[in-house]
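Trainee: I would like to learn how to read a protein model feature by feature. Could you take me through one?

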Amino acid sequence: MSDPIQTIRDLYAAAEGHSLDLERFLSCFSQDAYVRDVPTGAEFRGQNIAMVASGMADAFPDIHRELF
């Protein structure tokens with residue numbers, strides 16, 4: 001069984017602007033997972049989930065997230 005905290009850390013690290021790794025980002029999601037953009041209601045599924053990370057990295061190339 002995977003550690004949920006480590007999965008989130010891996011997900012965030014893969015989506016960093018300076019080291020964006022979309023394959024690694026996608027590997028954090030199950031095949032039936034989806035990501036919902038709350039403001040627009042858009043849902044991203046399958047390979048399109050990568051658009052979430054790539055869109056943020058395109059808009060903010062130095063994006064960095066911190067977990068507290």
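**Reading the model**

Mentor: The classes are buried under 20% relative accessible area, exposed over 50%, and partly exposed in between, using a 1.4 Å probe and protein chains only. This is a predicted model, where local features need pLDDT of at least 70 and side-chain atom pairs count only at pLDDT 80 or more, while totals for chains, interfaces and linings use all residues. Residues are numbered from 1 along each chain as its sequence is written, and side-chain values use heavy atoms, with hydrogens and water left out.

Trainee: Where does G41 lie?

Mentor: G41 sits in the loop between strand 1 (34-36) and strand 2 (43-45). Helices (H or I, at least four residues) and strands (E, at least two) are DSSP runs, numbered from the N terminus.

Trainee: How many helices and strands does the protein have?

Mentor: There are 3 helices and 2 strands, and along the sequence they follow the pattern α-α-β-β-α. The radius of gyration is 12 Å, close to the 11 Å from the globule rule for 68 residues, so the protein is as compact as a globular protein of that length. That radius is taken over C-alpha atoms, and the rule is 2.2 Å times the number of residues to the power 0.38. Along the principal axes, the C-alpha atoms fill a box of roughly 35 × 25 × 25 Å.

Trainee: What percentage of the residues is buried?

Mentor: Buried residues make up 22% of the 68. For contacts, the criterion is heavy atoms within 4.5 Å. Of the contacts with a separation of 6 or more, 38% join residues 24 or more positions apart.

Trainee: Which residues of helix 3 are buried?

Mentor: In helix 3 (residues 50-59), they are A50, A53, S54 and A57. Viewed down the axis of helix 3, these buried residues fall within an arc of 95°, so they line one face of the helix. The arc is that of the directions from the helix axis to the C-beta atoms. The buried residues of helix 3 pack against helix 2 (22-27).

Trainee: Is S54 buried or exposed?

Mentor: S54 has a relative accessible area of 19%, so it is buried. Leaving aside neighbours within four places in sequence, S54 contacts L20 and L22.

Trainee: Where should I look for G46?

Mentor: Look in the loop between strand 2 and helix 3. G46 has a relative accessible area of 37%, so it is partly exposed. Beyond its neighbours within four places in sequence, G46 is in contact with L26 and A33. From G46 to R24 the distance is 13 Å, C-alpha to C-alpha, and the two are 22 residues apart in sequence.
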